[in-house]
Amino acid sequence: MAQILGTPVKRREDPELLRGEGKFIADINLPEMLHVAFLHSTQAHALIKGIDTSVAQGMPGVVRVITGADTSSIMPLVVIMNPGGAEAKFPPHPYGLPGAQTVLATNKVRYVGDFVAAVVAETREQAYNALAGIKVDYEPLPVVVDAEEALKPSAPQLHDTVPGNLNQYFSCGDKEAAQKAIDSAEVVIKQRIRVPRAMANPTETRGTIASYDADNGEYTMWTNTQIPHGNRFLLSQLVLGIPFNKIRVIVPETGGSYGSKGYLYQETAIMLFLAKLIGRPVKWIDTRQGLARTTVHCRDHIEYVTLAGTKDGKITALYCTNYANLGAYPATNGPGAPTSLTGRSVTGSYAIPNPFYEVYCAFTNTVQTGPIRGAGRAEAHLVIERMVDLFAAELGMDPAEVRRKNLVKPEQFPYPNGLGWVYDTGNYEVALDKALAMADYANLAAKKAEAKQRGKLLGMGIASFTAIAGVGPSAFMGSFIGLNGSTWGSTHLRVHPTGDITMILGTQPHGQGHVTTFSQIVAQELGVELEQIEVLHSDTRGAVYAQGSYGSRSYSVEGATVYKACQQIKEKARRMAAHMLKVPEENIVVEDGKFYAQGAPENAKTIKDIGQALWYAWDLPAGMDPGLEVITFFDPPDFNYPFGTHIAIVEVDEKTGEVEVVRYIGVNDFGNVGNPKVVDGQSHGNVHLGISLALFEEVVYDNDGQILTEDYTTYPIAKASDLPYFELDRTITPTPHNPLGAKGAGDVSTPPVAPAVANAVCNALQEFGVKHIDIPLTPEKIWRAMSQKG
């Protein structure tokens with residue numbers, strides 16, 4: 001059988017989608033279904049003095065209007081990640097867990113978008129029209145939208161249980177050692193770096209459908225989440241207080257997420273509540289404005305960074321103080337992004353002997369923030385890669401050579417970075433050299449001169465990265481990261497008597513190609529055709545408990561679970577083959593899905609033969625059960641750490657400050673890759689998202705807490721015409737932490753993109769003396785920087 005794992009097989013998922021036959025949440029309609037619309041707060045911070053729903057209740061098609069007074073039986077949402085431990089402060093929860101928001105606001109709203117009321121009507125249009133009939137009497141309160149400002153004694157207080165708006169203080173590294181190294185250093189540079197707030201902005205907004213069967217007390221929910229099993233558990237046990245086995249969660253096709261659908265949102269509980277209350281199915285599809293106002297944002301950090309080193313370019317210390325904006329409430333795992341994910345990643349690819357990171361996580365009158373689009377690692381790499389370039393500029397050294405001098409060396413692995421991560425494997429310099437060669441870095445001066453003749457300022461920016469991926473192991477996540485949950489993988493694999501195979505996945509696909517890539521593992525290991533493999537997913541009924549999809553973990557954790565399941569299938573099949581062929585088990589050869597005695601391949605048994613014999617169970621070895629089926633779990637011993645180097649080449653218009661990315665080079669190392677075509681597609685998406693963040697994207701609030709960037713007309717993202725051809729390559733350094741040798745690839749190549757572009761722009765503006773400009777690098781910012789320096 002030809003090698004199939006590791007080859008660019010076309011995605012099995014695509015034909016249905018290309019024919020327009022995919023079923024998304026908006027495409028699902030149930031008999032007698034009603035429609036729901038939510039009233040958002042128009043105030044960023046206010047007391048609710050009263051709500052009058054009488055007009056809305058009498059409008060055409062309206063069946064019911066509910067407010068927070070009607071949902072007192074629903075517990076607040078919960079937070080499952082708390083790196084700050086017992087010292088952290090949260091809104092209350094009845095079980096003493098870290099709490100979040102109530103599903104509908106009761107006496108107070110804390111951001112524009114807070115859910116205040118819900119309308120249920122016969123049509124979606126009627127539901128949304130009726131929102132205008134709800135009158136809320138607000139008593140406005142002072143507003144704060146900036147994390148630093150929120151921590152000042154004079155700032156308005158958001159939560160009674162969170163003094164001073166400080167959710168938690170978190171630190172990692174040796175503070176005293178870092179400060180001592182800075183004090184004695186030959187060269188010290190300091191920079192304030194703002195990481196702007198951003199949105200995931202998937203094409204498809206959030207949506208949920210719920211139904212309730214009064215005969216058996218069972219709920220069914222269709223929703224476009226990344227964590228269906230997590231939603232089921234949290235809703236049943238910690239929010240609604242109903243039996244776990246009475247909730248079924250189904251995930252239709254998902255039109256993008258980028259992490260934004262990896263949370264428990266308040267509408268899920270409300271929809272289940274309404275389905276039972278009214279006795280009819282209910283459906284809610286968000287709007288683009290609603291997405292901007294209620295779907296979790298990301299970033300929004302203000303970082304004060306000090307980097308120290310020697311005059312010959314060796315970095316000796318890094319000290320970072322971060323003020324992170326969590327929004328008005330903590331998202332499900334929101335505190336994890338600015339704490340562990342950013343803090344422990346801030347050394348990047350470099351061997352820095354004295355690193356220290358601290359963060360103050362603050363509540364403000366804005367939408368919640370959480371892990372999205374390279375979560376935490378993107379913020380960390382923007383910081384370290386900008387600082388390395390500033391360090392090189394201060395020394396008058398080539399930024400490529402400064403990186404080379406400080407990269408973790410192959411002989412240093414496994415490398416503890418001093419902040420809590422232990423990098424597994426890598427040859428970082430090879431990736432750097434490959435990227436430099438692809439970019440023709442040696443001829444940078446000539447390229448600058450040629451561009452200058454055309455009225456363009458050419459710049460080249462480098463960014464290396466090492467990004468934690470493969471979320472697990474569970475014990476470490478619980479004890480060290482503060483996760484109230486687990487992160488192991490699970491797979492249910494069944495061989496039918498026909499030789500066909502059913503695989504029930506633990507992971508939750510939302511565009512990454514799981515069906516294709518995991519099928520390749522099974523086809524390779526069991527010697528069957530892809531068409532023989534049925535893949536079931538996205539339904540909590542009939543599946544073992546599973547963790548979902550997040551943290552660039554699917555192939556390296558859940559895929560490893562599939563591989564492990566195949567080995568268990570082969571182990572039983574080998575025993576059965578030995579029995580059928582009447583030879584000792586150790587004499588059985590397994591090759592291309594065939595099992596035969598040594599020296600007698602002509603008498604081989606296929607997986608179909610063995611599966612059928614085990615199904616009939618007429619003649620089994622002593623102690624062997626019928627059937628060829630396993631449920632397997634895999635909890636990795638540690639994370640994995642993909643790495644690489646990216647280079648952006650930009651041209652800046654001297655007159656307007658407009659930036660064009662003319663070339664983009666990326667050399668990544670994801671370990672062993674299951675499907676290069678799928679991984680390349682993910683990498684292309686990451687580069688697009690990174691360029692978009694570098695040049696265009698920023699969520700903007702005014703001082704009154706009004707969000708000014710609510711749709712595509714006010715929140716720009718990079719178009720295809722803004723992007724160059726992506727020039728990608730890979731090195732291969734397997735990890736020892738899973739049997740596939742695979743490292744994460746989902747969003748891990750996002751972190752180097754924005755800093756590569758930022759470094760390139762600053763490189764282009766050297767003649768103006770421009771050292772740093774915060775992203776997004778808009779033409780106005782660049783023009784002003786050139787004008788001021790000029």
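Guide: What follows is a set of questions about labels, each answered from the model.

Guide: First, the ground rules: this is a predicted model, where local features need pLDDT of at least 70, side-chain atom pairs count only at pLDDT 80 or more, and totals for chains, interfaces and linings use all residues. Residues are numbered from 1 along each chain as its sequence is written, and side-chain values use heavy atoms, with hydrogens and water left out.

Visitor: Why is tryptophan 615 called exposed?

Guide: Buried means under 20% relative accessible area, exposed over 50%, and partly exposed in between (1.4 Å probe, protein chains only). Tryptophan 615 has 53%, so it counts as exposed. Its place is in helix α17, residues 607-616. Helices here are DSSP runs of H or I with at least four residues, strands are runs of E with at least two, and both are numbered from the N terminus.

Visitor: What makes the nonpolar surface patch there?

Guide: Trp615, Tyr616 and Trp618 make it, with about 460 Å². Patch residues have over 30% relative accessible area and no salt bridge; like charges are joined within 9 Å, and nonpolar side chains (Val, Leu, Ile, Met, Phe, Trp, Tyr) within 5 Å. A salt bridge is a side-chain nitrogen of Lys or Arg within 4 Å of a carboxyl oxygen of Asp or Glu. Accessible areas come from the Shrake-Rupley method with a 1.4 Å probe; for residues, only the protein chains shown count as cover.

Visitor: How do you know whether glutamate 32 and aspartate 440 are exposed or partly exposed?

Guide: Glutamate 32 reaches 59% relative accessibility, so it is exposed. Aspartate 440 has 28%, so it is partly exposed. Both have a positive phi in a residue other than glycine: near 60° for glutamate 32, near 55° for aspartate 440. Glutamate 32 lies in the loop between α1 and β1. Aspartate 440 sits in the loop between α12 and α13.

Visitor: What makes strand β26 mostly covered?

Guide: In β26 (residues 643-653), 11 of 11 residues are buried. Both faces are covered. One side includes Phe643 and Ile647, and the other includes His646 and Val650.

Visitor: How do you know which strands pair with β26?

Guide: Two strands pair if DSSP finds at least two bridges between them. β18 and β26 have 11 bridges and run antiparallel. β26 and β27 have 10, also antiparallel. Both counts meet the definition, so both are pairs. Glycine 461 stands opposite alanine 648. Isoleucine 649 stands opposite arginine 663 in β27. β26 and β27 form a hairpin with 5 residues between them, and glycine 657 in the turn has a positive phi of about 80°.

Visitor: Why are β21 and β25 said to stand at the edges?

Guide: The open sheet has 4 strands in the order β21-β20-β19-β25, with mixed pairing. β21 and β25 each have a single partner strand, so one side of each is left without a neighbour in the sheet. Within this sheet, β19 and β20 pair in the antiparallel sense over 5 bridges. Histidine 492 has isoleucine 504 in β20 as its bridge partner.

Visitor: Which peptide bonds are called cis, and at what omega?

Guide: One joins glycine 472 and proline 473, with omega about 0°. Proline 473 is in the loop between β18 and α14. Another runs from isoleucine 775 to proline 776, with omega near 0°. Proline 776 is in the loop between α19 and α20.
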